[in-house]
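Look at the sequence and the structure first. The questions and answers below then work through strands, turns and charged side chains.

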Amino acid sequence: MCIVVGKRRHLQMQRKKELSHNIRYISKVPVRIVMDREFLKVHPEDSLITLIENLREEETSAVVVDDEGRLLGFITMKDLLHFFSPPRRYSIVGLGLLKKYTLNRASRVEDIMVTKPITIHISDNLGHAIKLMIETGKHHLPVVDDERKVHGILEVKDIIRLIRIVSL
């Protein structure tokens, strides 16, 4: 029995095989190779104004660290937007909610940072990172070691960039 396949279809099938092999390979790539090593670091006592001034076009998140570089919290642009969103129409307003919506020059990074962010270990691979991102819905993961020292940030765009390179 002989299966006749057009040249174009044959090339598509061959390319699909190569891509599936490359995608399987991607899941084994160490996080430390793909992560972004240049990221915005802030301290909890920094003002929100300073944070906003330091966020640049490419930076969509900031890592809150202590003086030794250990992770204390994490802020994404989405967290920043939640801080500025008005309360719902029929919200129950308590003192905590009222304090939240009073932004002034005294507002600090610690007022909006996520204090227990989802992280990934520097020795993990992209397969674990992708699974974690899908399960939690997070697009940014601080990359930490055993002592919670931050080495970088892994973002979805970093993974997509790798996929694009591998699939060329």
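Buried means under 20% relative accessible area, exposed means over 50%, and partly exposed lies in between, with a 1.4 Å probe and protein chains only. This is a predicted model, in which local features need pLDDT of at least 70 and side-chain atom pairs count only at pLDDT 80 or more, while totals for chains, interfaces and linings use all residues. Residues are numbered from 1 along each chain as its sequence is written, and side-chain values use heavy atoms, with hydrogens and water left out.

Q: Is Glu68 buried, partly exposed or exposed?
A: Glu68 has a relative accessible area of 48%. Buried needs under 20% and exposed needs over 50%. Glu68 is therefore partly exposed.

Q: In which order do the three strands of the open sheet stand?
A: Strands (E, at least two residues) and helices (H or I, at least four) are DSSP runs numbered from the N terminus. Two strands pair if DSSP finds at least two bridges between them. In this open sheet the pairing is mixed, and the order is S1-S2-S3.

Q: Which are the edge strands of that sheet?
A: An edge strand here pairs on one side only. The two that do so are strand S1 (40–42) and strand S3 (71–76).

Q: Which residue in S2 stands opposite Leu40?
A: S1 and strand S2 (residues 61–65) run parallel and are joined by three bridges. The residue in S2 opposite Leu40 is Ala62.

Q: What is the bridge partner of Ser61 in S3?
A: S2 and S3 pair in the antiparallel sense, over five bridges. In S3, the partner of Ser61 is Thr76.

Q: Which residue in the turn between S2 and S3 has a positive phi?
A: S2 and S3 form a hairpin, with five residues between them. The phi in question is about 85°, and the residue is Gly69.

Q: Why is S3 described as largely enclosed by the rest of the structure?
A: S3 has six residues. It is largely enclosed because the number of them that are buried is five.

Q: How many residues of strand S6 are buried?
A: Strand S6 covers residues 150–155 and is mostly covered. Of its six residues, the number buried is five.

Q: How many salt bridges does the model have?
A: A salt bridge is a side-chain nitrogen of Lys or Arg within 4 Å of a carboxyl oxygen of Asp or Glu. By this rule the count is four.

Q: How far apart are Asp158 and Arg161 in helix H7, in helical turns?
A: Asp158 forms a salt bridge with Arg161, with the closest N and O atoms 3.3 Å apart. Asp158 is buried at 4% relative accessible area, whereas Arg161 is partly exposed at 42%. Because they are three residues apart in helix H7 (residues 156–167), their separation is about one helical turn.
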